[in-house]
Amino acid sequence: MSTQYRTGREGEFTYRGYTLDELQEMELDEVAELLPARQRRTITRGLSAEHEKLLAKAQDKTEEETANAPIRTHLRDMPILPEFVGLTFAVYTGQEFERTQIQPEMIGHYLGEFQLTRSSVEHGQAGIGATRSSKFVPLK
């Protein structure tokens with residue numbers, strides 16, 4: 001079991017000893033005290049205007065609304081807060097917006113951690129002339 005989160009006896013999600021309902025009722029400063037150092041520092045130094053706008057947009061939306069039209073954002077460095085749980089975000093990867101359904105276990109991470117910006121490369125066979133030995137292969 002991880003120290004960051006664990007399930008209770010009944011299988012209920014808890015984050016550092018608090019249930020999801022308790023976390024959602026807390027103020028932003030109280031939640032910040034529970035987050036890891038980097039995310040806590042981001043919040044205590046003050047969220048930027050763009051981050052505040054995304055937070056307000058997330059608080060206004062419901063789970064059903066974001067299932068059809070997710071909240072689109074370029075803010076990969078936004079910490080995931082308890083208010084985001086259940087919402088769907090479309091996070092920009094540098095080429096396209098990828099959907100991410102926020103789960104309770106994601107609290108304390110960043111939005112960008114769940115959408116990779118680089119795709120994996122699968123190389124095919126080397127072509128003729130790609131290596132020195134293939135330079136002299138007859139072409140039937």
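Tutor: We will go from the overall layout to the core, and then to one strand and its partners. Keep in mind that this is a predicted model.

Student: Which pattern does the chain follow along the sequence?

Tutor: The order is β-β-β-α-α-α-α-α-β-β-β, that is, five helices and six strands. Of the 140 residues, 35% are buried.

Student: How should I read the nonpolar core?

Tutor: In soluble globular proteins, nonpolar side chains tend to be buried together. Here the largest nonpolar core has 28 residues, and Met78, Phe84, Phe89, Ile107 and Leu111 touch the most other members. Elements that each supply at least two residues of this core include α4 (49–60) and β5 (88–92).

Student: Which residues is leucine 111 in contact with, leaving aside its neighbours within four places in sequence?

Tutor: Among them are Leu54, Met78, Phe89, Val91 and Ile102.

Student: Why is β5 largely enclosed by the rest of the structure?

Tutor: Because four of its five residues are buried, meaning under 20% relative accessible area.

Student: How does β5 pair with other strands?

Tutor: Strand β4 (residues 71–73) runs parallel to β5, joined by three bridges; arginine 72 stands opposite alanine 90. With strand β6 (residues 97–101), β5 pairs in the antiparallel sense over five bridges, and tyrosine 92 has phenylalanine 97 as a bridge partner.

Student: How many residues lie between β5 and β6 in the hairpin?

Tutor: Four, and glycine 94 in that turn has a positive phi of about 105°.

Definitions and conventions:
Residues numbered from 1 in each chain as written. Predicted model: local features only at pLDDT ≥ 70, side-chain atom pairs only at ≥ 80, totals over all residues. Heavy atoms only, no water. Buried < 20%, exposed > 50% of the residue type's maximum accessible area, 1.4 Å probe, protein only. Core = buried A, V, L, I, M, F, W, Y, C linked by side-chain atoms within 4.5 Å. Contact = heavy atoms within 4.5 Å. Pairing = 2+ DSSP bridges.
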